[in-house]
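Visitor: I would like to learn how to read charged pairs in a model. Where do we begin?

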Amino acid sequence: MVKQPVTINGVVRWRDVGTADDERRDHKERTMVVLRHEIGEVLRDVRQRQGRTLREVSHNARVSLGYLSEVERGQKEASSELLSSICTALDVPLSLMLREVSDRVALAEGVGVPDTVPSELTHEYGRALAAEWRPGDSSQPVANQH
């Protein structure tokens with residue numbers, strides 16, 4: 001373990017470098033995510049990829065240009081109704097926009113979000129699902145037949 005001098009309010013103290021407290025503090029600082037910033041960035045990215053202007057999208061979403069601009073910059077918290085209206089104006093499903101936001105938040109938190117079912121779940125529940133299928137007929141589950 002290494003000691004490092006740290007000055008706090010003019011007083012020099014020695015602090016251990018590489019302790020668990022540092023790791024927890026660093027992790028906490030890394031995971032501070034402001035949801036309105038992520039939502040705004042995703043909305044702006046979608047709009048710019050479509051080559052559309054703020055004015056056009058604000059008109060179609062029936063929201064003021066200034067307010068949409070503040071939402072995109074993460075300065076305003078948009079209601080679910082407003083987000084739905086903006087997504088409709090962008091012709092993007094709300095669920096898809098929220099999925100992109102979720103992926104960005106997970107990345108910022110250092111969490112891997114798989115696109116498929118995790119293997120431990122498939123192993124645990126796979127046998128139960130396999131029992132519902134009739135042998136030789138992979139198109140119809142037994143539970144759905146009357």
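Guide: Begin with accessibility. Buried means under 20% relative accessible area, exposed means over 50%, and partly exposed lies in between. Keep in mind that this model is predicted.

Visitor: How does Arg-36 count on that scale?

Guide: Arg-36 has 30% relative accessibility, so this residue counts as partly exposed.

Visitor: What is the general idea behind charged pairs?

Guide: Side chains of opposite charge can pair when their charged atoms come close. Here, a search of the whole structure finds seven salt bridges.

Visitor: Which residue forms a salt bridge with Arg-36?

Guide: Glu-77 does, with the closest N and O atoms 3.8 Å apart. Arg-36 sits in helix H2 and Glu-77 in the loop between helix H4 and helix H5, so the pair ties together parts 41 residues apart in sequence. Glu-77 counts as exposed, at 52% relative accessibility.

Visitor: Are Glu-72 and Arg-47 buried or exposed?

Guide: Both are buried. Their side chains meet in a salt bridge, at 2.7 Å from N to O. Glu-72 belongs to helix H4 and Arg-47 to helix H2, so this pair ties together parts 25 residues apart in sequence.

Visitor: What about Arg-52 and Glu-56?

Guide: Their side chains form a salt bridge at 3.1 Å, N to O. Arg-52 is buried, because its relative accessibility is 14% and the cut-off is 20%. Glu-56 has a relative accessible area of 35%, so Glu-56 is partly exposed.

Definitions and conventions
Residues numbered from 1 in each chain as written. Predicted model: local features only at pLDDT ≥ 70, side-chain atom pairs only at ≥ 80, totals over all residues. Heavy atoms only, no water. Salt bridge = Lys/Arg side-chain N within 4 Å of Asp/Glu carboxyl O. Helix = DSSP H or I, 4+ residues; strand = E, 2+ residues; numbered from the N terminus. Buried < 20%, exposed > 50% of the residue type's maximum accessible area, 1.4 Å probe, protein only.
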